[in-house]
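I opened this notebook to record what I looked up.

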Amino acid sequence: MKLKAKPKRVERRRPRPQGLGVGIVLVNWNRWSDTIECLESLFRSTIPVRVAVVDNASSDGSMDRIAAWARGDEPSQPVSADMANYSQPPIAKPVAFERLTAADLASAPANPAIQLTLIDSAGNLGFAGGNNLGLRALMKHAELDCFWLLNNDTVIAPDAAEALMLRMHATDHIGMCGTVVRYYHDPDRIQALNGSRFNFWTGQSQGIGKDQFISDPFDPARVAAETDFVLGASLGVSRDFLETVGPMEETYFLYYEEIDWSTRGAAQFRTGFANGAMVWHKEGGSAGSSGVAGARSGFSEYWLTRSRLRFVRRYHPLLLPWHWLLTLGIAGRRLVRVQPAKTAAILRAMTGRKF
């Protein structure tokens with residue numbers, strides 16, 4: 001059985017981007033304190049940034065707490081004292097912000113004085129839906145041609161946004177671009193260099209450089225060449241890519257959005273690697289998608305299974321029977337480990353039932 005060959009890249013002529021600054025999207029779900037810590041680091045950037053925070057129907061008052069932070073009424077508290085230098089002391093307040101609903105976006109003008117847009121999605125739109133909503137808001141700012149999807153449980157180095165923008169401007173036909181992502185709670189170790197390699201037979205990905213020390217040498221050009229998709233926790237995307245390929249596919253809800261996006265744009269765009277951009281990620285906070293063996297939540301198991309089968313059906317349908325057998329084997333292992341809730345979550349995903 002042969003996998004589909006990668007489509008040949010079509011060379012496209014476009015002017016060198018002249019955008020100033022970076023538009024950044026954070027999706028929040030019941031983790032306002034993480035989002036505030038992230039915002040404190042973002043607004044320390046060495047270049048101008050505009051930030052859209054999309055709240056996916058949180059139940060913990062996130063929007064009010066983040067708005068209070070922007071006014072100067074809600075303090076930021078770093079989770080780790082070792083990482084406090086990226087978010088402390090607090091930036092000057094107030095931060096110029098606006099608060100919108102998803103319905104407001106179509107008519108809301110792009111106000112150049114606004115640094116922060118808070119968007120109430122009015123429902124849990126998932127990773128793709130939330131990011132797409134934020135991108136819609138930021139793309140109204142014509143000066144922006146680089147956009148950065150960041151997990152809200154991250155902090156960045158002050159020069160990270162600039163390093164990302166410079167790499168994207170220096171790479172012809174750039175579509176996506178990743179960064180160095182390190183563990184927030186183990187900051188000298190790498191979660192991923194740029195992104196991951198993907199195995200179509202298992203449906204699993206392997207983070208490039210995962211768990212190696214930041215002091216270990218690596219070749220940025222080789223990392224970029226080996227990247228099948230950029231890690232969604234820190235994913236740069238160009239305006240040209242968005243206008244040509246379109247937004248993220250929202251039917252996944254969670255997981256596999258990045259590789260679907262990358263697959264759709266592979267024929268026309270290149271993937272870059274901003275190896276000078278440093279991001280620290282708390283990893284898996286909202287969805288329970290921990291990298292620790294056995295620690296993945298039933299919620300995460302459900303959406304991983306559902307999205308993997310959806311991706312295989314869309315791009316490699318001949319492999320679908322194999323992936324059904326593989327999924328049954330995974331469910332069996334969870335059962336042997338006496339994890340009935342996780343087993344049930346996998347079987348519900350296989351049969352199209354709700355979580």
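I count a salt bridge when a side-chain nitrogen of Lys or Arg lies within 4 Å of a carboxyl oxygen of Asp or Glu. I note that the model is predicted.

Entry on the salt bridges. I find that the structure holds 19 salt bridges.

I looked up Arg50 and found a salt bridge with Glu143, with the closest N and O atoms 2.8 Å apart. Arg50 lies in strand E2 and Glu143 in the loop between helix H3 and strand E5, so this pair ties together parts that are 93 residues apart in sequence. Arg50 is buried, at a relative accessible area of 15%, while Glu143 is partly exposed at 30%.

I turned next to Asp34, which forms a salt bridge with Arg31; their closest N and O atoms are 2.8 Å apart. Asp34 counts as buried because its relative accessibility is 4%, where the cut-off for buried is under 20%. Arg31 has 28% and counts as partly exposed. I also see a network of salt bridges that links Arg31, Asp34, Glu37 and Lys282.

Entry on helix packing. How far apart are the axes of H8 and H10? I find them 8 Å apart, with the helices packed at an angle of about 25°. That angle makes H8 roughly parallel to H10. The crossing of H8 past H10 is right-handed.

I then listed the contact: the residues of H8 include Tyr302 and Leu309, and those of H10 include Ile346 and Met350. By class, the contact has six nonpolar, two polar and four charged residues.

Technical notes: Residues numbered from 1 in each chain as written. Predicted model: local features only at pLDDT ≥ 70, side-chain atom pairs only at ≥ 80, totals over all residues. Heavy atoms only, no water. Axes fitted to C-alpha atoms, helices over the stretch in contact; angles between N-to-C directions. Helix = DSSP H or I, 4+ residues; strand = E, 2+ residues; numbered from the N terminus. Parallel < 35°, antiparallel > 145°, perpendicular 65-115°, else oblique. Left-handed = near helix turned anticlockwise from the far one by under 90°. Contact = heavy atoms within 4.5 Å. Nonpolar A, V, L, I, M, F, W, Y, C, P; charged D, E, K, R; others polar. Buried < 20%, exposed > 50% of the residue type's maximum accessible area, 1.4 Å probe, protein only.
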